[in-house]
Amino acid sequence: MMPGEKPKNLKGTLKRILSYIGKNRRLIIAMLAVMLCATLLNVIAPTIQANAIDAIAKLDAGTLIMWLVVMAVVYFSSAIFTYFQNLFAAMLSQYTVRVMRKDLFARISHLPIKYMDTHKHGDILSRVTNDVSTLQQALSNSLPSMISAVAQLTGCVIMMFVTE
């Protein structure tokens with residue numbers, strides 16, 4: 001496939017990629033749990049800010065300090081959860097790519113010599129390294145961001161209905 005080219009069987013390709021990703025369920029569950037905690041904290045943070053602003057309006061220093069401390073804890077905790085979310089996403093992508101490259105090497109080593117004679121060695125090597133690296137970038141960056149965005153959108157909609 002050339003850059004920008006689509007797979008012949010998109011559904012089958014996605015199924016195969018998901019089967020590779022799904023091999024490390026514990027890491028996926030940990031990443032999703034941490035992502036959910038970070039999203040929850042990001043969604044409730046504006047409510048805490050509103051309470052702090054209300055304390056400013058009422059000129060209540062004690063309540064303001066309490067809300068500022070709560071806000072600092074929430075944002076710090078959110079940053080920690082986001083760090084671990086990114087760490088788990090990177091670990092998941094590294095694990096997935098390692099397994100995928102191992103399987104690719106096993107597949108290539110069992111190809112007939114005629115295949116090697118009819119295809120350029122650079123094309124085969126490029127396919128193994130570049131395509132898998134592109135997938136690794138998507139797994140470590142795009143997939144977690146997409147899941148987090150959907151969770152945050154859902155949380156924001158829920159908060160809009162819960163708050164007055």
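In the predicted model, I21 touches I28, L92, T96, L139 and L143, leaving aside residues up to four places away in sequence. I21 is also among the residues with the most contacts inside the largest nonpolar core, together with M31, F88, L92, M100 and L135. This core has 17 residues. Two or more of its residues are given by each of α1 (10–21), α2 (25–57), α3 (61–109) and α5 (121–162), and the largest share, 6 residues, comes from α3. Apart from this core lies another, of 6 residues, which include L41, A52, M71 and V74.

The secondary structure of the protein consists of 5 helices and 0 strands, in the order α-α-α-α-α along the sequence. The radius of gyration is 23 Å, whereas the globule rule gives 15 Å for 164 residues, so the protein is more spread out than a compact globule. Along the principal axes, the C-alpha atoms fill a box of roughly 80 × 25 × 25 Å. Among contacts with a separation of 6 or more, 79% are between residues 24 or more positions apart.

Of the 164 residues in the protein, 25% are buried. The accessible surface amounts to about 11800 Å², and carbon and sulfur atoms account for 68% of this area. The protein carries 16 positive and 8 negative side chains. The centres of these two sets are 14 Å apart.

Methods
Residues are numbered from 1 along each chain as its sequence is written. This is a predicted model: local features need pLDDT of at least 70, side-chain atom pairs count only at pLDDT 80 or more; totals for chains, interfaces and linings use all residues. Side-chain values use heavy atoms; hydrogens and water are left out. A nonpolar core is a set of buried Ala, Val, Leu, Ile, Met, Phe, Trp, Tyr and Cys residues joined through side-chain atoms within 4.5 Å. Buried means under 20% relative accessible area, exposed over 50%, partly exposed in between (1.4 Å probe, protein chains only). Helices (H or I, at least four residues) and strands (E, at least two) are DSSP runs, numbered from the N terminus. Contact means heavy atoms within 4.5 Å. The radius of gyration is taken over C-alpha atoms; the globule rule is 2.2 Å times the number of residues to the power 0.38. Accessible areas come from the Shrake-Rupley method with a 1.4 Å probe; for residues, only the protein chains shown count as cover. Lys and Arg count as positive and Asp and Glu as negative; His and the chain ends are not counted. The place of a charge is taken as NZ of Lys, CZ of Arg, CG of Asp or CD of Glu.
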